[in-house]
Amino acid sequence: MKKVLASCPYCGVGCRLCYIIQNGKVIKVEGDPSDPVSEGRPCIKGLTAYQFIDKERIISPQIKEVGGFRNCDWEEAFEKIAKKIKDLKPENFGFVGSGELSNEDNFVFSKFARLVARSNNIDCCARTCHAATTVAMRKLFGNPAMPNFIDDLGRADVILAIGTNPAGNYPIAFNRVRAAKARGDLKLIAIDITSSATLEAADLGVVINHQGITAFVGGLCRLLIEEKVYDPACDGREGFEEFKESLEPYTIENVIKISGITRETYLGIFDLVKNAKQFVTMHGMGVTQQINGVENVIAILSLAQLKKGMIIPLRGKINVQGAGDMGTCPDWVPFGGSTSKTKEIWGEILQDAPGHRMSEFLYSNDLKVLFVLGGNIAQSLPELDTLHKNLERVFVVYINHHPSKTMEFANVILPCTVLVESEGTITNGERRVRYTRPVVKACENVLPAWKIVANLAAYLGQEEKFKYNDAGDVFNEITKAIPAYGGLSWEKTKSNDNIFADKSKFFEKFIPLKNTPLSPPPKDFPYLLTTQRSPFHFCTGEQTRRSEGLVKLHGKAECLISEKDALSLGVKNGDFVRLTSPVGNIEISVKILKKATPGIFSVPFHFQDVLVNKLFGHELDPISGEPNLKACWVRAEKI
Ligand code: SF4
């Protein structure tokens, strides 16, 4: 039996785990007491992370034929791709990178898109979770990275958690909150559009109107400025006067009307925020997955500036920060935009017009060939009936380790390693760059994704530009191509836990808030539906649904509804309802929750047999292109 320390495959907290190996298989996972992130106490998802590795693996390249997929060799798979991509224009391509694979995998994938397909139509799962955050942080601070640390949570005296449920979804980060609360040092305010474990654990937990976040936070900013209790350094900052003017609509009366909370609660929250000495904001997808996601985040970052506070956005997948840093983003430019360096190191100058975002190109008729790396867009994007129709006519190359809904649309499948079967790095939500080593050997025909993509580039005649002996070679190129990783080295990253890519604010400024009008519920769709995450599953569930320990704890999708709504629909626990929105419908069993808010339904998006995102229309935040996956109107009927 041996023990190997390597990354958790799941969330952006980025814990390191201790994998116990016997006869070449992982038989158990334990905490790693030397890990500064998890402090030796990973969550249940981490502790069961070994259970999915060998289940239903893709172990050979495959090609779709009438009646299903057949195994083939690498050459035949590459030949099929080569024939299909010949003579296509850049706009005919789409590339989706992966927050669950390494920096090296994403970097080579991004380089392939730009040098081989000559396309900037590349994106990753950040588009569906924190695109609004990265856009807002770029606008206000010049850097799309969390400026603070998870440990800062333990130093706060007041935390405002908005649209996030760390008690359920980021328990390791929330351990810091619990410990500070137990010491009596911390007051937690939690605001969300539906009830959650974090709201229950908070000193002040409040359900707010889903369209009321900008107004609620803007109103707090207005009160701080009116009472002259803000950081005086803000006075001289760019945009501050215009920002102040934009707060005019957010009077106490308007805020309580828009957000739906009582005056007493609102002023109670303001009092806590006003008196905070070490103020921290946390936010998540309840804030970002809305059609005004960027506005919401700008409001939160502005409040943090006024309070000289800290900002902790909790990122989704383990390497979603890294995937974006590596260039799986349509407006990314390598070498900090230096054309001479690009030519010197990559051998040519790239086209500089930004590409399209995946929330756009996946629905476009221009798309002809799509490369999907380690992700499941056919379950995670909105308006799935429309998306699936488009994917049916597109040639899809699926590079992944396990089957998913997206694989059903694949024409060629290329089998890659899971994160813990190969060497590489990940960048967690704090921009902490962590080395991860192979825990077990992958099957013979299964390769790290960076190697698959490099081999494909070589097959297409670009061998010289994709010559890497190992992940360390790729990392060395990353440190040249990406300024934020400039000071790092492979050797140091392998041996040091506290290596960070550049997370400093390049500047601080304000932007005026827009006063987005509320839209009333449509007449025939009386219930608000929101999506929710289970503490026992992760994203679209390809890994957690294959972990028997987790499935025992949470095995199926259920629609959580209030007692009042159950009564009016005439349903009891386990009865099925049909939920219908203007763009789709699903059938799902109900679970009645005492604490559920009447009028609001909540459904997890982890389960392939109940594709809840069918119900969400293709509505994007106009600034970030992030889809609304948080709130849509539905009707319900018992079936
Ligand atoms: Fe840590 Fe997230 Fe893994 Fe849980 S799922 S062990 S919080 S990285």
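The structure is a predicted model.

The chain falls into four named parts: domain 1 (2–47), domain 2 (62–128 + 319–500), domain 3 (147–313) and domain 4 (527–638). For domain 1 and domain 2, the C-alpha centres are 26 Å apart. Their contact draws on 20 residues from domain 1 and 15 residues from domain 2.

How much area is buried between domain 1 and domain 2? The size of an interface is often given as the accessible area lost when the parts come together. Here that area is about 1200 Å², with carbon and sulfur atoms giving 56% of it. On the side of domain 1, the residues that lose the most area to domain 2 are Ser7, Arg16 and Pro36, which together account for 29% of what that side buries.

Charged and polar groups also take part in this meeting of domains. Two salt bridges are counted between domain 1 and domain 2. Across the interface of domain 1 and domain 2, seven residue pairs are in polar contact, with both residues at pLDDT 80 or more. Strand E1 (2–7), strand E2 (16–22) and strand E3 (25–31) are the elements that each give two or more residues to the side of domain 1 touching domain 2. Of these, E1 provides the largest share, four residues. By residue type, that side of domain 1 consists of twelve nonpolar, five polar and three charged residues. In a salt bridge, the side chains of Asp35 and Arg434 come together at 2.8 Å, N to O.

Is Lys317 buried or exposed? Lys317 counts as buried because its relative accessibility is 9%, and the cut-off for buried is under 20%. Leaving aside residues up to four places away in sequence, Lys317 touches Tyr10, Cys11, Gly12, Gly99, Glu100, Cys125, Gly374, Phe538 and Cys539. Between Lys317 and Asp497 there are 180 residues of separation in sequence and 19 Å in space, C-alpha to C-alpha.

Another loop, between strand E14 (395–400) and strand E15 (412–415), holds Lys405. With a relative accessibility of 15%, Lys405 is likewise counted as buried. The side chains of Lys405 and Glu408 are joined by a polar contact of 2.9 Å. Beyond residues up to four places away in sequence, Lys405 touches Asn376, Ala378, Gln379, His388, Gln608 and Leu611.

What is the relative accessible area of His402? The value is 1%, so His402 is buried. A polar atom of the His402 side chain lies 3.0 Å from the backbone oxygen of Phe52. Phe52 is also one of the residues that His402 touches, together with Ile53, Lys55, Glu56, Arg57, Ile58, Val418 and Arg546, again not counting residues up to four places away in sequence.

Key: Residues are numbered from 1 along each chain as its sequence is written. This is a predicted model: local features need pLDDT of at least 70, side-chain atom pairs count only at pLDDT 80 or more; totals for chains, interfaces and linings use all residues. Side-chain values use heavy atoms; hydrogens and water are left out. Buried means under 20% relative accessible area, exposed over 50%, partly exposed in between (1.4 Å probe, protein chains only). Contact means heavy atoms within 4.5 Å. Domain bounds come from an automatic or database domain assignment. Buried area is the accessible area (1.4 Å probe) that two parts lose on being put together, summed over both. A salt bridge is a side-chain nitrogen of Lys or Arg within 4 Å of a carboxyl oxygen of Asp or Glu. A polar contact is a pair of N or O atoms within 3.5 Å; within protein, one must be able to donate a hydrogen and the other to accept it, and residues adjacent in sequence count only if both atoms are side-chain atoms. Ala, Val, Leu, Ile, Met, Phe, Trp, Tyr, Cys and Pro count as nonpolar, Asp, Glu, Lys and Arg as charged, and the others, Gly among them, as polar.
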